[in-house]
Each structure stands twice: as structure tokens, then as C-alpha cells.
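Open your viewer and keep the sequence panel beside it. Each stop below tells you what to select and what is there.

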Amino acid sequence: GQVGKELYRSIYVFCSMKKCVVVELNVQIDHVHLVVRTPPSLSVSELMGTLKGRTAIRLFNKFPYLRKKKLWGNHFWQRGYFVDSVGANEDIIRRYVKYQDKQAKEEEERQQRLELS
């Protein structure tokens, strides 16, 4: 919905501010997949701190009801993140990120069919 769209825009804005290029981005209901090119002078932890901190502030300001949901101890993001370098597998990883929501929906439908059987 609107929160997802704002998060999507915010990630692009804050990545741009850090001189990063978003290659693929997929915002799910409970997590985000992001493939991003970073300058060598920027640490991953600095980028993630900026993205998670600034997007949380922006979303809490724009959608105050999110504060009342008590998501993860009144935080928008959970602690931690997973990072890996892409290298030769970039195309595979980009496809995975791009179509993650489609795969998740197909898996959910498959599970529902099994439960009905």
C-alpha cells in the first residue's frame, strides 16, 4: 500500500544521497530485498544505518499510526541485515529480487491448495 510505496521512494532517495545506485528493489510486506551499487568509500554498515534510520523516521512522520502498531519494540526495522557481494551471480540475484513477490504469492497459493486437499 502507501507505506510500501513511500518506503520504495525513500530507499531510492537515501541511496542517491549516499551516491549509491539501486539496481533492484523489492518491498515485501515484512521485508525488503535490495541490490545496490555502492562507492568504495562507503561502508555497508553506514549505508544500512542511513537507510534504516532515515526511512523509519520518514515513515513514522508520514504515517503516525505505525508507531501505535508496536512493530518490533516500537521500531520500524528489526535489528540486523544480511549482506553479500554479488560478483558473477548478479543476474541471478537481480532476478530473484525482482520476482520475489511473485514467488512468494505462488508458494502461498501452493500451501493453500495443500491445506484444502
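Start with the hairpin. Select strands β1 and β2: they form a hairpin with four residues between them. Helices (H or I, at least four residues) and strands (E, at least two) are DSSP runs, numbered from the N terminus. This is a predicted model, where local features need pLDDT of at least 70, side-chain atom pairs count only at pLDDT 80 or more, and totals for chains, interfaces and linings use all residues. Residues are numbered from 1 along each chain as its sequence is written, and side-chain values use heavy atoms, with hydrogens and water left out.

Now color residues 21-27, which are β1, and residues 32-37, which are β2. The two strands pair in the antiparallel sense over six bridges. Strands count as paired if DSSP finds at least two bridges between them. Next, click Val21. Which residue is its bridge partner in β2? It is Arg37.

Stay in β1 and select Glu24. Is Glu24 buried or exposed? Its relative accessibility is 12%, so Glu24 counts as buried. The cut-offs are under 20% relative accessible area for buried, over 50% for exposed, and partly exposed in between (1.4 Å probe, protein chains only). Show its contacts (heavy atoms within 4.5 Å). Leaving out residues up to four places away in sequence, Glu24 touches His33, Leu34, Val35, Arg94, Val97 and Lys98.

Step back to Lys19, in the loop between α1 (2-17) and β1. Lys19 is not a glycine, yet it has a positive phi of about 65 degrees. Lys19 is exposed because its relative accessibility is 66%.

Next stop: the surface. Select Val44, Tyr81 and Val83, which form a nonpolar patch with about 250 Å² of accessible area together. Patches are made of residues with over 30% relative accessible area and no salt bridge; like charges are joined within 9 Å, nonpolar side chains (Val, Leu, Ile, Met, Phe, Trp, Tyr) within 5 Å. A salt bridge is a side-chain nitrogen of Lys or Arg within 4 Å of a carboxyl oxygen of Asp or Glu. Areas come from the Shrake-Rupley method with a 1.4 Å probe; for residues, only the protein chains shown count as cover. Val44 sits in helix α2 (residues 44-62). Its relative accessible area is 36%, so Val44 is partly exposed.

Finally, select the whole chain. It has five helices and two strands. From the N terminus, the order is α-β-β-α-α-α-α. Of its 117 residues, 27% are buried.
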